[in-house]
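Let's take a walk through this one together. Have the sequence and the coordinates open side by side.

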Amino acid sequence: MAEGGAPYTTPDDLRTTLEEAGVFRTTAVDGVYHRSWDWERVLRGVEQHVMGKRVATDAPRRWFPPVMPREEFLKTDYLRSFPDLVGSIDVFDGTDKEHRALLAVLEDGGDWTSHLTPGEVVLPSSVCHPLYGTLPTDVPEDGLDEECSGWSFRHEPSLDPARMQMFRIYEYVRIGTPAQALAHRDEWLDRGLAALGELGLPVRSEAANDPFFGRVGKMLAANQLESSLKYEMVVDLTDVRPTAIGSSNYHEDHFGDTFGLHLADGTPAHSSCIGFGLDRITLALFAVHGVDVAGWPAEVRSALQC
Amino acid sequence: MSSTVTDSIRALLAEHARLGVDVASLSDTDDLYTAGMTSHASVTVMLACEDEWDVEFPQQMLKKSTFASIANIRAALAELEVEGASA
């Protein structure tokens, strides 16, 4: 490792090291990993550490399952902006006869999924997505504070260990006026950087944009960057590119509009969230401090309680 | 002639820009983002313009400033040779 440089040259080097040390295992599908107990106990320590930074101490905390209602997913408008990342669940809902037909197609090596139909659930693309549909539509004057944790799915198969298809995020969400939402994002960016710094991660913030799809997406991405709507907390794990391990996002009135959340004057509520990428932070810890948790700096192990 | 294009832009904004104010109260050079147009709303305005005049904005025009004011939108349409858009 060069002085002040990234601990690994390429994502391949990092993945191979983690695999050989048994920190996680690859599977037949790129970007889908089996985690070890070492990984999990570090990740749970990261979640506890992040949760310890809460300021709005009365905010409800929710752990979401890795599926969400299809109808609520559609309201997020994610399909419009990121169709290439979506994961929708199909189920078998047929008779014995249709089951036999399915098996016949399977035996012939055909597309058996044509006998399935879309279920009432999809995979959440972001952890705050299952939240908005459950909130009161009349947003109180003081705004709403919420915390949520759960799984996100994004279909972007890759051998880069930072690019997992399914991963966990802990989010602090605020819904209210534009000023309330912006203050939340900015205060939490500083708080987030400090929290990650306590784990010995050389983290910094960068203005960022989401990978919006297509022509319209190019404009959304340019707007997002130009309007400074999104910041990422990044760390150098390889020489190839910085790795985002968290982000703070101002959604403007996007979710307020699509979920019918409004302020006292009837206008759509604004929202912002800070997401701590629990699997990405865990990855960063193993990359920066090494594959043997017992050898990590004492203050880091103490902060993680592991 | 150009007032016709401006009127059409104002009508599209009233329908799609989700401004916090009445579009009639804005001058041609007032900033639409300051008036409450969000990033997503500006994309809807962009698509509505493409439908209205049967044009496609090239990549380099798909940015915030192109849709920042009525005058800017008209200038962009003029660049795409929309009839009546030139001042």
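First, some housekeeping. This is a predicted model, in which local features need pLDDT of at least 70 and side-chain atom pairs count only at pLDDT 80 or more, while totals for chains, interfaces and linings use all residues. Residues are numbered from 1 along each chain as its sequence is written, and chains are lettered from A and ligands numbered from 1 in the order in which they are written.

Start with chain A, which splits into domain 1 (11-87 + 123-304) and domain 2 (90-121); these bounds come from an automatic or database domain assignment. Between the C-alpha centres of the two domains there are 35 Å.

Now the helices of chain A. Helices (H or I, at least four residues) and strands (E, at least two) are DSSP runs, numbered from the N terminus. Look at H7, residues 178-197: its 20 residues span 29 Å from first C-alpha to last, close to the 28 Å expected at 1.5 Å a residue. That expected span is 1.5 Å times one less than the number of residues. Which residues of H7(A) are buried? They are Gln180(A), Ala181(A), His184(A), Arg185(A), Trp188(A), Leu189(A), Gly192(A), Ala195(A) and Leu196(A). Buried here calls for 20 or more other C-beta atoms within 10 Å of a residue's own, exposed for 12 or fewer, and partly exposed is in between, with C-beta atoms placed from the backbone.

Next, find H2 (residues 37-51) and H10 (residues 278-289) of chain A, whose axes come within 9 Å and cross at roughly 115°. (Axes are lines fitted to C-alpha atoms, for helices over the stretch in contact, and angles run from 0 to 180 degrees between N-to-C directions.) Trp39(A), Val42(A), Leu43(A), Val46(A) and Glu47(A) on H2(A) make the contact with Leu278(A), Asp279(A), Ile281(A), Thr282(A) and Leu285(A) on H10(A). Contact means C-beta atoms, placed from the backbone, within 7 Å. By class, that gives 7 nonpolar, 1 polar and 2 charged residues; Ala, Val, Leu, Ile, Met, Phe, Trp, Tyr, Cys and Pro count as nonpolar, Asp, Glu, Lys and Arg as charged, and the others, Gly among them, as polar.

Then there's Ser125(A), in the loop between strand E6 (117-122) and helix H6 (129-132). Why does Ser125(A) count as buried? Because it has 20 C-beta neighbours inside 10 Å. Leaving out residues up to four places away in sequence, Ser125(A) touches Tyr78(A), Phe82(A), Leu85(A), Val86(A), Ser152(A), Phe153(A) and Arg154(A).

Over to the other chain: 10 residues of chain B are in contact with 14 of chain A. Helix H8 (residues 214-226) of chain A packs on helix H2 (residues 39-53) of chain B at about 145°, axes 10 Å apart. Val216(A), Met219(A), Leu220(A), Asn223(A) and Gln224(A) meet Ser39(B), Ser42(B), Val43(B) and Met46(B) there, a contact of 5 nonpolar, 4 polar and no charged residues. Met46(B) is buried, with 22 other C-beta atoms within 10 Å. Beyond four places in sequence, Met46(B) touches Met219(A), Phe57(B) and Phe67(B).

Key
Contact = placed C-beta atoms within 7 Å.
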